[in-house]
Amino acid sequence: MAEAILTATDLVKHYPIKGGVLRRTVGHVKAVDGVSFELLKGETLGIVGESGCGKSTLGRLLMRLEEPTSGSVVFDGVDMYAQRGRAMRKLRRDIQIVFQDPYTSLNPRKTVGDIVGEPFDIHPDVVPKKGRRKAVQDLLDLVGLNPEHINRYPHQFSGGQRQRIGIARGIALNPKVLICDEPVSALDVSVQAQVVNLMEKLQDELGLSYIFIAHDLSVVRHISDRVGVMYLGKMAELGEEDDIYGRPTHPYTQALLSAVPVPDPTLRDKKEQIVLKGDVPSPANPPSGCRFHTRCWKAQDKCKTDIPLLEMRPDGVATHLSACHFAQPREIIETVDVSDQQDEVGNTV
Amino acid sequence: MTEASTIAVGAEAGAPTGGQADEGRSLASDAWRQLKRNPIFWVSVTLIVLFIVMAAVPQLFTNVDPNAAVLKQARERPNANAWFGRDIQGYDIYARTIYGARASILVGVLTTLVTVVIGVTMGVLAGYYGGWLDSLVSRITDMFFAIPLLLGGILFMSTFPNDENSRYLVVVGKVVLVMAVFGWPSIARLMRSSVLQVKPNDYVQAARALGASPWRIIRSHVMPNALAPVIVVSTINLGVFITVEATLSFLGIGLTPPAVSWGVAISDALVALRTTPHILLFPSLFLSLAVLAFIMLGDAVRDAFDPKSR
């Protein structure tokens, strides 16, 4: 097994809610509440969950765009949140981000050359000044854009092309980890495939590790080696892609997977759909015990009081980590048929 | 697939932009290329240069003394001797208008510059850093908003009045000072809200993620994207300042004779508006032209620095 390049331990991010005339803190939005995982060298870790579950906050914490309330991230043997000034800047070279919305992630008043070249301006020792233009053009070429378009502005490109520019900026400093915060969810499906394939190609060529945050389960499955499922700021289930999709043990994962559209009409009827009751509770006042107990069909009294830890469950036959007291594998998707077909398609692509 | 998509994307981008693909370009050089081709830019620059020359060396345009009153010929209509006619005191309107450019341009340009510098700085600090700094700046601007510009001007100028021995620059400086003090809060507010709009954009976050310093982020990401409304409002304000100076002068507490300005001339002309409208026409025409020139320049510059408008 490859060694871990990034280890998050008990990451917590609470945003204070201020109220009243004196702006006193009257509560906390628990956006991320005790998340731990490891990212291995060269792997892709997918993070899925519905809107508001803390995926993006997690990404921002890993980038140190936000300071955590508590917890630690060890990156390549270095405690990230202990770094200051110069050391932190040096660390930033190794961990970069690709944003969700290609329309707000590029400065509209800069040329593509300036945007992709900015990393070199901030870290001037990476590429000598003379070679920068060449380096930028090489990057554009690498992500499948015409290097001659270096003097164009972002609005002259389509969404997919803009996302490629964002990726080029992300990989300019040759990082070890790239955090992708829903990099394809703003693109239409055909362009999604192009961008996902580009990311896979770059991973092979540059040996990148990805944290791939998304809400599209099919895309995550396509690109990920391992998958983590988040619910209300906590990790509900974490394991190999095959385990999560084939033998999900957490009821929330099972419900999520049952909602994935099945492309094959003959299989579609066989599929059972688990429809959850109610809405996601407010992260400002999450349920006690297991956060999912308010919507879970398996919930017992224990779930309301005891917080289930993320560990190997169920005893004896466990294949991966799950945070459910009553974890039981359950086949949701006709895994054999579908994944074989997907793989075939994937290979020919 | 990746190969195919690469080609497809390349083709999708359409026809290449004309020439110079090998030359590195930046927003500033692109903006300059754009400006050079814009006739409005050249018209406004010509006008502004003309007014500045007028303000600096009025003797070039006329050798008539603006303070030479020929009472006998008061209210004369435009003729060969006095091109723009004479006003109620018998002053040559052409000479007064030429000499008036100095005070008006000085007051308008200086006040605009000071308000923009203070307002933008405060607005960026408040908007970008937020927290207590934002509260402080916002409350200060609130305080100044409570006092109207004209009232503040009257209070200040009557507290520190000019006398005949005051030096020209001191007189002008006082007017500039009082208008700048009451004028910067509106620019600061505008800039603050504009910065608040730009700040959450992902490109600002991306720059932070790359390790850019706050100064770099403000300079190269926040300012270029937040300045457009300030450019528009401050060029319009330039005209407002020139007219407020006129109002103060009309009340006898702004520029005092023998200083001449367009504002003073306009105020003087109002009493005889029905019988001799030409006295009002010429100084107001110059004032309008000057304000128009600055507004056009502001517009041209704003458009040139917005790649989407090309």
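In the predicted model, helix 5 of chain A is mostly covered, with twelve of its 13 residues buried. The buried residues of this helix are Gly160(A), Gln161(A), Arg162(A), Gln163(A), Arg164(A), Ile165(A), Gly166(A), Ile167(A), Ala168(A), Arg169(A), Gly170(A) and Ile171(A). From its first C-alpha to its last, helix 5 of chain A reaches 19 Å, close to the 18 Å expected at 1.5 Å a residue.

Helix 5 of chain A packs against helix 3 of chain A, and the axes of the two helices come within 7 Å and cross at roughly 25°. Because angles under 35 degrees count as roughly parallel, helix 3 of chain A is classed as roughly parallel to helix 5 of chain A. On the side of helix 3 of chain A, the contact is made by Val112(A), Ile115(A), Val116(A), Glu118(A) and Pro119(A). Helix 5 of chain A contributes Ile165(A), Ala168(A) and Arg169(A) to this contact. By residue class, the contact between the two helices divides into six nonpolar, no polar and two charged residues.

Within helix 2 of chain A lies Lys90(A). This residue counts as partly exposed because it has 14 C-beta neighbours inside 10 Å. Lys90(A) and His123(A) are 33 residues apart in sequence, while their C-alpha atoms are 8.3 Å apart in space.

Chain A further contains an open sheet of four strands in the order 2-1-4-5, with antiparallel pairing. Strand 2 (24-40) and strand 5 (78-79) of chain A stand at the edges of this sheet; each has a single partner strand, so one side of each is left without a neighbour in the sheet. Strand 5 of chain A pairs with strand 4 (residues 70-75) of chain A in the antiparallel sense over two bridges. In strand 5 of chain A, Asp79(A) stands opposite Val74(A).

Strand 10 (residues 234-240) of chain A is largely enclosed by the rest of the structure, because six of its seven residues are buried. Six bridges join this strand to strand 9 (residues 226-231) of chain A, and the two run antiparallel. Across this pairing, Val227(A) stands opposite Gly239(A) in strand 10 of chain A. Strand 9 and strand 10 of chain A form a hairpin with two residues between the strands, in which Leu232(A) takes a positive phi near 50°. Strand 10 of chain A is also joined by two bridges to strand 12 (residues 320-322) of chain A, and these strands run antiparallel. Here, Glu237(A) stands opposite Ser322(A) in strand 12 of chain A.

Methods:
Residues numbered from 1 in each chain as written. Chains lettered and ligands numbered in written order. Predicted model: local features only at pLDDT ≥ 70, side-chain atom pairs only at ≥ 80, totals over all residues. Buried ≥ 20, exposed ≤ 12 C-beta atoms within 10 Å, placed from the backbone. Expected span 1.5 Å × (residues − 1). Pairing = 2+ DSSP bridges. Axes fitted to C-alpha atoms, helices over the stretch in contact; angles between N-to-C directions. Parallel < 35°, antiparallel > 145°, perpendicular 65-115°, else oblique. Contact = placed C-beta atoms within 7 Å. Nonpolar A, V, L, I, M, F, W, Y, C, P; charged D, E, K, R; others polar.
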